[in-house]
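Please read them with the structure open.

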Amino acid sequence: MISSFNEMYHNGTVRPPYARLEDWTKAMPAELRQMKQAEAEALFRRIGITFAVYGEGGDPDRLIPFDMFPRVFTGAEWARLERGIKQRARALNAFLVDVYGRGEIVRAGRVPAQLVYRNEAYEKAVAGFVPPKGVYSHIVGVDLVRTGPDDFFVLEDNCRTPSGVSYMLENREIMMRMFPGLFRENRIEPVDSYPQLLRRTLASVAPVKCDTEPTVVLLTPGHFNSAYYEHSFLADLMGVELVEGQDLFVEGEFVWMRTTEGPRRVDVIYRRIDDAFIDPLCFRPDSMLGIPGLMDVYRSGGVSICSAPGAGVADDKAVYTHVPDMIRFYLGEEPILQNVPTWQCGNADDCAYVLANLGDLVVKEVHGSGGYGMLVGPGSTAGQIAGFAARIRANPGNYIAQPTLALSTVPTFVEDGVAPRHVDLRPYCLVGERIELVPGGLTRVALKDGSLVVNSSQGGGVKDTWVLAE
Amino acid sequence: MILTVDHVTSYRYAQPVRGVVQSHRLTPSVFDGQTALDWSVSVSDGLKGGGFRDGAGDWVQGWSVPGPVSAITITVRGTVRTQDLAGLLRGHREAIPREAYLNETAPTRVDAALAELAASASGASDPLDAAHRLSVAVAGAIAYRPGATRSHTTAAEALALGEGVCQDHAHALIAVARHAALPARYVSGYLMSGGDGSLGEAAHAWTEIWVQGLGWIGFDPANACCPDDRYVRLGSGLDAQDAAPIRGTARGPGAEVLDVAVAVQAVQQ
């Protein structure tokens, strides 16, 4: 068992941002707590926020467990995170514009050509194209972990369509409904401006041929998608249409939406569909989810697509290791947030080290997500480790490894009271004409004692995340 | 040489469709080996969509035909002045780095037999020699026989069959070249074959291989040569589908019947 930084109790005292929460928990008898927990679950059920879990069978409408104990940051802590996240979002976008343009960072020998151009997320269909305002990734989800009072590390970047922001908004909503007193006693920064900021961000990247107030839509793969609830929730809060591929069509130089009053031109598409499926004339010809001809309209300036096709080349786990260098290269700044040291198994020396130390490391697939296909060395059996070693040997380039970090803990309601559980944090940075970050994010918590895997698909839960006003 | 191109493609739908959307690569490439003197593409009842030059240097043009419509005709007509550059793609502007053309796609996936064919270049003195050897090897391994393969036949399948058409030759050469670490791509265009403008062969495909110091060079294993002044280059891609001169869909049920007529002729000077 590794020893972790407890965000509430440190060196025998309660850290200041959590000061008022100690009395709050102490004053809450077990029966009240159970009643409140049941109430929270009923609220989530009623609004319909559920999370389908891939590949685990069981109830696809299972609730993602919500823990009522909030996670709290001071204003000063947040100010530093905010600067670090915005810096990263700027560098990632500069990288994307560069690798689809002249590729200066590759020519300079700072990032290997094959890592970019042989990456499965590299889209040659957008080479030479600069999207409006030079933005490829309009919503950057930066996954952070904490190991000490001042120690934050970026675990990974999500430049395509990071999900989970609906939980940030709903967790807050539910906490405010259930514990209004807490929001009177603590000065907590609001997060409810997110949908309007998102809409403003999307409108700010309208295409060159748009000469009116842009029409924004949210494109979903449909109700069978695990994040469909979030798609409809965000469309509703932004006041934009939620559409599927069949609702849109290309005619002439533009994309149109079928409406009861006839076709209406669409200027900005916030898509929650992967690149491969958005246009069968450009990508997978068998896709039924996309809009035929969309890419021709996009490349000729008739519509904007957010995130821009090809944005994924900036966020795989092998490119990740170069992000600090991107910050230096494009911005001329030192990174404010650190990367986790990472070994690339595609590199023979790194691979040898990883295979010799599997018991101490976390190993992940380069393109993996959702906590699947990973090995947490310290929690694994000898058999699991040997099996994973064979997979690494068979395809070393597909794996990276990192030290097992002692993720910080936050008190969490458990069966018999309150106990520390490991957490991470995903804030959502918006990039358009301006860069915006609402003070908050999604805190995920590993509900199992000692577990370091916070993914909701692996039994993780969520918490409300507070940033205190200074 | 001055070549005239007359290329008519028609689609007939069993039932009227609600609309057609297409993406065309039907404009001659811009490089030292060819200059379009006049060129036009028209689509019956079509609305011209957005057009742009893509990262590969090709002109891509969107078209749509509002429905209901039962048939459409795409007519390409023009005259191109060509020059024999021994296959060199000199003076061509493009933004996609050559490394991207090492990426495998389904029709160009290497199996054991293709890997063995790729080994025929192992004694080559330099990459140019290797490319020539691979082209000769592909020509020897896949005999030209129209009708032997279909549009979705892979390089591996064509090699196993030992027969195919220009698409199969191009896919096989791409597969073995990439296996030998040479960037390679599919090129679609026109060919004046036999000097009589006979149909079928005039819509042609070949391969380009990137050679250090020289750049992209065309190889046509189907005709055991490098493209010369009988060839008109339209566009390129990772495979036939990616480089297709016409990609499109019709909104509506039912079958479509495709009819293509191509004639390429030399203008007497």
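1. I begin with a helix pair in chain B. Ala131(B), Leu134(B), Ser135(B), Val138(B) and Ala139(B) of helix 2 of chain B are in contact with His169(B), Ala172(B), Leu173(B), Val176(B) and Ala177(B) of helix 4 of chain B. By class, this contact of helix 2 with helix 4 of chain B has 8 nonpolar, 2 polar and no charged residues. Note that this is a predicted model.

2. The geometry of that pair is as follows. Helix 2 of chain B covers residues 127–141 and helix 4 of chain B covers residues 166–179; their axes come within 9 Å and cross at roughly 135°. Because of that angle, helix 2 of chain B counts as oblique to helix 4 of chain B. The crossing of helix 2 of chain B over helix 4 of chain B is right-handed.

3. In chain B, an open sheet of 4 strands runs in the order 9-8-7-10, with antiparallel pairing. Strand 9 (215–219) and strand 10 (231–237) of chain B are at the edges with a single partner strand each, so one side of each has no neighbour in the sheet. From one strand to the next, the twist averages 35°.

4. Within this sheet, strand 7 (residues 184–191) and strand 8 (residues 203–211) of chain B run antiparallel and are joined by 7 bridges. One pairing to check on screen is that of Tyr190(B), whose bridge partner in strand 8 of chain B is Ala203(B).

5. How do the two helices lie relative to strand 8 of chain B? Helix 2 of chain B lies across strand 8 and strand 9 of chain B and runs at about 150° to strand 8 of chain B. Helix 4 of chain B packs on the sheet and touches strand 7, strand 8 and strand 9 of chain B, with its direction at about 10° to that of strand 8 of chain B.

6. Next, the domains of chain B. The assignment divides chain B into domain 1 (2–81 + 246–266) and domain 2 (85–237). Taken over C-alpha atoms, the centres of domain 1 and domain 2 of chain B are separated by 24 Å. Their contact takes 24 residues from domain 1 of chain B and 22 residues from domain 2 of chain B.

7. Which elements give two or more residues to the side of domain 1 of chain B that touches domain 2 of chain B? They are strand 1 (2–24) and strand 12 (256–266) of chain B. Strand 12 of chain B provides the largest share of that side, 7 residues. By class, the side of domain 1 of chain B that touches domain 2 of chain B has 14 nonpolar, 7 polar and 3 charged residues.

8. Turning to chain A, its domain assignment gives domain 1 (9–206 + 307–335 + 423–467), domain 2 (208–302) and domain 3 (341–403). The C-alpha centres of domain 2 and domain 3 of chain A lie 39 Å apart.

9. In chain A, helix 2 (residues 30–47) and helix 6 (residues 165–178) pack at an angle of about 135°, and their axes are 11 Å apart. That angle makes helix 2 of chain A oblique to helix 6 of chain A. The crossing of helix 2 of chain A with helix 6 of chain A is right-handed. Helix 2 of chain A contributes Lys36(A), Glu39(A), Ala40(A), Leu43(A) and Ile47(A) to the contact, and helix 6 of chain A contributes Glu170(A), Ile174(A), Arg177(A) and Met178(A). By class, this contact has 5 nonpolar, no polar and 4 charged residues.

10. A second pair in chain A is helix 8 (residues 194–203) and helix 9 (residues 228–238), which pack at about 80° with their axes 8 Å apart. Helix 8 of chain A is therefore roughly perpendicular to helix 9 of chain A. Pro195(A), Leu198(A) and Arg199(A) of helix 8 of chain A meet Leu234(A), Leu237(A) and Met238(A) of helix 9 of chain A. The contact of helix 8 with helix 9 of chain A has 5 nonpolar, no polar and 1 charged residues.

11. Last, the interface between the chains. In this interface, 25 residues of chain A are in contact with 25 residues of chain B. On the side of chain A that touches chain B, helix 5 (113–117), strand 8 (248–251) and helix 10 (294–299) of chain A each supply at least two residues. The residues of that side of chain A divide into 11 nonpolar, 8 polar and 6 charged.

Technical notes. Residues are numbered from 1 along each chain as its sequence is written. Chains are lettered from A and ligands numbered from 1 in the order in which they are written. This is a predicted model: local features need pLDDT of at least 70, side-chain atom pairs count only at pLDDT 80 or more; totals for chains, interfaces and linings use all residues. Axes are lines fitted to C-alpha atoms, for helices over the stretch in contact, and angles run from 0 to 180 degrees between N-to-C directions. Angles under 35 degrees count as roughly parallel, over 145 as roughly antiparallel, 65 to 115 as roughly perpendicular and the rest as oblique. A crossing is left-handed if the near helix is turned anticlockwise from the far one by less than a right angle, and right-handed if clockwise. Two residues are in contact if their C-beta atoms, placed from the backbone, lie within 7 Å. Ala, Val, Leu, Ile, Met, Phe, Trp, Tyr, Cys and Pro count as nonpolar, Asp, Glu, Lys and Arg as charged, and the others, Gly among them, as polar. Domain bounds come from an automatic or database domain assignment. Two strands pair if DSSP finds at least two bridges between them.
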